[in-house]
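User: Please examine the complex shown below. I shall ask about its backbone, its chains and their interface.

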Amino acid sequence: MSEQGATGAASAFGEGAGAAAPAGQAPQQGEAPAGPLVRVVGLVKHFPITRGIIFQKKVGAVRAVDGVSFEIRRGETLGLVGETGCGKSTTARMLTRLLDATAGEIDFDGSDITRLKGAALKAVRREVQMIFQDPYSSLNPRKTIGSIIGEPFAIHGMLKEKGDRKREVQRLMETVGLNPEHYNRYPHEFSGGQRQRIGVARALALSPKLLIADEPVSALDVSIQAQVLNLLRDLQRRLGLTVVFIAHDLSVVRHMCDRVAVMYLGKVVEIGSGDDLYGFPRHPYTAALLAAVPQADPTRHGEARRVLGGDVPSPANPPSACRFHTRCPKAQEICSQQEPMLEDKGSGTLAACHFPMSREELAAMGVRSGA
Amino acid sequence: MSAAEPLLRVEDLHVEFPTEDGLVHAVDGITYQVLPGRTLGIVGESGSGKTVSSLTTLGLTRRQGARISGRIMFGGQDLVTLPEDQLRAIRGNEIAMVFQDPLSSLHPLYKVGKQLIEAVRAHRDVSKAVARARAVELLGLVGIPDPANRVDQFPHEFSGGMRQRVMIAMALANEPKLLIADEPTTALDVTVQAQILALMERLQRELGMAIVIITHDLGVVAEMADDIAVMYAGRIVETASTTQVFGAPEHPYTWGLLRSIPRLDGSRHDDLVPIPGTPPSLINPPSGCHFHPRCPYAQPDHARIDPALQAVEDDPDHHVACLLDSRARKELWGRLSSGDTPEQALAAVGTTGEPA
C-alpha cells in the first residue's frame, strides 16, 4: 500500500479510505478567506438556432440559461435541481468554462473568470473539476486507470517523476476506496460504482477548490448509489470541498446539499437552505416537484396526488414574464405581464413568485411541510 | 392476497441464455402470481432478472435462444409451451406491455395513428375507419389533447411524456386483462412521471386490468403496487403486500435496499447504509443463498444451503427466502429501523434469536 501524505496540498486527506466519517463536523482547512467562493451574476447562455447550409442565418435562440444569479459559499454543497432542459447542466458547464457565457459574470475566488483565455484559464481549470454522469463513457477504455487518474498531472505538468505520480495516484485510489494494486487495470474490469470512484479520484487529483458533480449517481443501481453518495459526502467533509451537486432526484439532493437552487426554463425560481426549501417551499414549481416525487412510504398509497399538468414549454420560445405561469395552478394576469423577482418571502428561501404558497395550500397538495 | 383465482401464475420459471462465456442464469426458479385487477410490483437492480421474466411471459425471449423451463399459466394455457401463433393471439391482446424508452419503441417514420391502427387491426377484424376511430378514442383516453389531429402526427412531434402516453394507448388498444409495464417512467422527468403513474392508476380503475410494474424505484412501487416481489440475482427473495414489505421486511437484501435510499422527509444527518459489494455474475452465481457474499448476517453454512421461498410464521401471504432464524430476523429489522448499523444490530441480536 502507498505511503500517506505524498505531497503538501494533499496531506489533508490522509487516513484509510471509504469509511464513513463521524457526522456533523466539517473540518476547516486553514484560514478560509471571507466571501463566497463563486458569485454568479446575471448569467446567460443562448444557443443560436440557424437556418441554411452555406449562408447560415440566425433565426432564433434556445435560451438555455437566461439570467441566473447565485453564490456558492466556501465549503458548502449547493444543489441544482430541475427537469430536463431547465439549464442546470449548462450552468455547470459555464462554471467550468466548458461553455462560454453569452452574458453575465462568474467571479471565482475574487476574480472574474468569465472571459479568461490561455494560461490564466488553464490555471482556473485546475481549481474547478467535474464528475460526470455516465461512468461508462467518461473513462477512456484504452487507458489504464492509473493513467486516467494521473492524466490531470500530465496536463498540468505536475509530478513529472514517474514514481511520484504513481504514488500520488495510488494514494488517491485509496482515498476513494479503490484497491491501489489495481493501478494497471482497465476501466472494463470495474463495475459501475467503482468506475464512478475512478471519476471521483481523477476529479480530486489536483485538489480543486470547486467540484462539480453532474448527476453522479443517476446511472447507478440503488445499492451502489448509496456507496457513491456516502463517499462524496465523506470526502466533502474531510477535505472541506465546495461542491455543486446537480441531480433530478430530489431525495438525493435533500440528502447531499446544504443549499438548493430550483431551476425552471433557464431561471432560478427558488433558492435556500435545504431545510427551508424542503420544509416550506414557496414557489408553486418547487411544491409541484416535491409533490410529484414517489416516496418509499406505502401510507401514501392511493393518496390523490396533485399532478402538475402539461409539459415544460420550449426554451426557444419561453412564456412571457413568469415562465411557470402556463402550468401554474395559482397564475393570475400579472404573472404573464410582470416577471417576479427572486426575493425573500419571509420563510428563509428566496422565491420568484407573485403568489407564494401557503402552508394550507402545500398540505392540500400532499406536500408535508413545516418539519 | 385473497382466494381469487390468479390471472397469471408463474411456477418455477428458469430462463438461461447460452453465451460465449458460459450459461447466463438470468431467471433462476421464480414463482409468483398476479390476481385480477391488482398491481404487482417487481423490484430489483439491473441484472436481477425482472425484465427477462416478463419478456418470457410474452414469449419474447424465445428467439434469443433462451432455454426456458417451468410454467407460466394464463387463462388455462401454459405460455412456455404454447405455439408461437397462439401466443401471438394473446400478446398485445390479453397481455400487453409498455417499455421503458418510448422513443425507441415507436417507429419514427410512421404516424402515431398508423401505429395505433396496426395494433387494433392485429387482433380485431375491423375496417381501417373503425380502427382509426378507436385510435382517436384511445389517444383521448390517455389524456392527449386534441386527439383527432394528433393522430396524424409523427412520434418526434410528441414530447417524452406524450410518447409514453401513446405507448400506453397502444397497449390498451385491445383492453388487455394484464398490462406489464417495464420501468414505464424511468426515462421521464418527475412531474411527467407523476402524470403517467396517475394515468395508469386511473385506467386500472376504469378498465379493471391487472398491472405488473417492473422498476428499481422503491418510491414508484410504494405508491403503485398492492403486492411486491423483490428479486436478486435471478431469484425472488421476498414477496408480500406493499405494507408488509415496507413495514416488516424479512430479507436482508430488502433491508439493504430500504436503508440505502435517501428519503425526502429524512434527516440530512443520517448516513445511508449501502449494501457492500456488487451484484454477482449470473454465469457463476454464488453457491447457496445468492445474497450471502454481500449479507452482513451470513453464516458459514449459508454458502451451502439454498434457501427456499417460505411463508413467514404468522403471515401466509408473506414469503421470504432466508436462512436466518425468523425471530432473529424480526429483532434485526427492529434494530435496523431504529437506526442501528448492521454491525450494531448483529452484535445486539446475534443470528440465532438468542440474546448474544
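User: In the hairpin of E1(A) and E2(A), which residue takes a positive phi near 90°?

Analyst: In this predicted model, strand E1 (residues 38-51) and strand E2 (residues 57-72) of chain A run antiparallel and are joined by 12 bridges. One bridge partner pair is A:Thr50 with A:Lys58 of E2(A). The hairpin has 5 residues between the strands, and the residue with the positive phi near 90° is A:Gly52.

User: A:Leu159 has a positive phi; is the residue buried or exposed?

Analyst: Most residues other than glycine have a negative phi. A:Leu159, with phi near 45°, has a positive value, and its place is the loop between helix H3 (145-155) and helix H4 (162-175) of chain A. A residue counts as buried from 20 or more other C-beta atoms within 10 Å. Because A:Leu159 has 20 C-beta neighbours inside 10 Å, its class is buried.

User: What is the burial class of B:Ala233, buried or exposed?

Analyst: B:Ala233 lies in the loop between strand E9 (227-232) and strand E10 (235-241) of chain B. Its phi is near 50°, a positive value in a residue other than glycine. Since 24 other C-beta atoms lie within 10 Å of B:Ala233, this residue is buried.

User: What percentage of the residues in chain A is buried?

Analyst: Chain A contains 10 helices and 12 strands. Of its contacts between residues at least 6 apart in sequence, 68% join residues at least 24 apart. Among the 371 residues of chain A, the buried share is 46%.

User: Which element gives the most residues to the side of chain B that touches chain A?

Analyst: The interface brings 40 residues of chain B into contact with 40 residues of chain A. On the chain B side, the elements that give two or more residues are helix H8 (190-207), helix H9 (218-224), helix H10 (242-247) and helix H11 (252-260). With 8 residues, the element that gives the most is H8(B).

User: What ipTM does the predictor give the complex?

Analyst: For chain B, the average pLDDT is 89, and 97% of the residues score at least 70. Where pLDDT is low, the predicted coordinates should not be read in detail. For the complex, the predictor gives a pTM of 0.86 and an ipTM of 0.84.

Key. Residues numbered from 1 in each chain as written. Chains lettered and ligands numbered in written order. Predicted model: local features only at pLDDT ≥ 70, side-chain atom pairs only at ≥ 80, totals over all residues. pLDDT = per-residue confidence, 0-100. Contact = placed C-beta atoms within 7 Å. Helix = DSSP H or I, 4+ residues; strand = E, 2+ residues; numbered from the N terminus. Pairing = 2+ DSSP bridges. Buried ≥ 20, exposed ≤ 12 C-beta atoms within 10 Å, placed from the backbone.
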